[in-house]
Amino acid sequence: MAVAAAAAAAAVGAYAADLPAVPEWLNKGDNAWQLTAATFVGIQSMPGLVVLYGSIVKKKWAVNSAFMALYAYASSLLVWVLVGFRMAFGERLLPFWGKAGVALSQGYLTGRARLSATAHGGDNGTPAAEPFYPEATLVLFQFEFAAITLILLAGSVLGRMNIKAWMAFTPLWLLLSYTVGAFSLWGGGFLYHWGVIDYSGGYVIHLSSGIAGFTAAYWVGPRLKSDRERFSPNNILLMIAGGGLLWMGWAGFNGGAPYAANITASIAVLNTNVSAATSLLTWTCLDVIFFGKPSVIGAVQGMMTGLVCITPGAGLVQTWAAVIMGMCAGSVPWFTMMILHKKSTLLMKVDDTLAVFHTHAVAGLLGGVLTGLLATPELMDMESPVPGTKGTFYGGGVGQVGKQLAGAAFVIAWNLVVTTLILLGIGLFIPLRMPDDQLMIGDDAAHGEEAYALWGDGEKFDATRHDVSRGGAGGEREMGTAEQRLAGMGARGVTIQL
């Protein structure tokens, strides 16, 4: 009897169709896919980019680089639910900005999700679209995009930015820059209703992070000369693992953009993988042709540019077009990075640590332009708020490419100006760059922690700080050779003198 009663209670509580927990508008399949897609995008950041950043840099910066990604992810979430989400996807305040508001109350989060962009239907009078899941699912999904944008930006300033300045920068940039791009292109802003195409973030995420990262790298200043000249990854195998998490996670990145488990999602996921593979192979072949051997780092960069390039049009182009976009993604950013970069005074001057400008800004802009050329009318009818939108190759004329370029110009200008103002403001109170003596040491100076029990790789060991931490008399420096001082401090793993 007790078992039967418990079973009956469970049926009433979890699976009864008429209860508030299962409203009529909820589609469990769409909700499950959107939560899965959000988790995929989250895995790209945590642990994908955390692992990638921690392994692709010099050993002495492994902890700092991974932590910058970790911190950005955590700080973004609180800012997002407090004000950010509704600034990007809420009611219209300005043509490029939504009204700030919290996304924390039960009444708001358990209600049916509402796509604010379609509510601002303008002259065409399009009614607001409502996905078949709660607002909480949409808030989570869009948060993952906001977080990864900041983490991608961080790749430009690894190896020298003051961690305290980074902690102040992340919430300000999210509020003042990211939300503007998101609202303008996705949330119902002027670019969205003008017909600029950005299916899943080629402009909102990748062009923004590339331009903002390049701007930040300029104002923060360069790494030490020794680091710029020799910055070998400390663990290439982990770098590949982090890159693999990015690639697999992109299924949620582009597959979740339609806000439903529909045909567009299937096309987008297939095109994403085709473009990434094509770009990786193209980049690798160019490395072999010009440098005589394939580069693993280059292969990861080629994978990245293929993923970035297809993003603005993943669900809007045919799969043969994804192959073309992959070939362009593996060659154009390769050219700007390997050839043009070395001939440009500005590009050589700005120390963009992981070449985010090339892999994200260039690839994102390239993808936006190619989408303007290759977007099919059938797929555009499913996604675009502007009737009759189609790529140039399908009779759309050059007007769509012009819109794509104009949209990119707005994103570039806004990020350049706002990122500059934020960093100049922070610089009045906190140094943007770590001092040279700490840059010589790296993680140990920034965090008091090291990634491995191995010491070497050309960094300077701060023996004085460790002497004091071990209770030396009044902090007096112990005399003797480096070997004698290290021996006196006890075992610290294997010490390698280079």
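Helix H13 (296-310) gives the largest share of the lining of the largest pocket, 5 residues. Here helices are DSSP runs of H or I, at least four residues, numbered from the N terminus. The model is predicted, with local features needing pLDDT of at least 70 and side-chain atom pairs pLDDT 80 or more, while totals for linings use all residues. Residues are numbered from 1 along each chain, and side-chain values use heavy atoms, without hydrogens and water.

A pocket is an open set of points on a 1 Å grid where a 1.4 Å probe fits, with protein on both sides within 12 Å along at least five of seven lines; lining residues have an atom within 4 Å of a point. A volume is the space filled by probe spheres set on the points.

| Pocket | Volume |
|---|---|
| Largest | about 1,000 Å³ |

Of the 35 residues lining the largest pocket, Gln301, Met337, Thr353, Leu354 and Ala355 are closest to its centre. Helices supplying at least two lining residues each include H2, H12 (263-291) and H16 (356-374).

For the second largest pocket, 41 residues form the lining, and Leu115, Thr118, Tyr192, Tyr259 and Glu383 are closest to its centre. H6 is one of the helices that supply at least two residues there.

How do H2 and H6 meet? The axes (lines fitted to C-alpha atoms over the stretch in contact, with angles from 0 to 180 degrees between N-to-C directions) of H2 (residues 28-56) and H6 (residues 135-154) come within 9 Å and cross at roughly 20°. That makes the two helices roughly parallel, a term for angles under 35 degrees.

Conventions: Angles under 35 degrees count as roughly parallel, over 145 as roughly antiparallel, 65 to 115 as roughly perpendicular and the rest as oblique.
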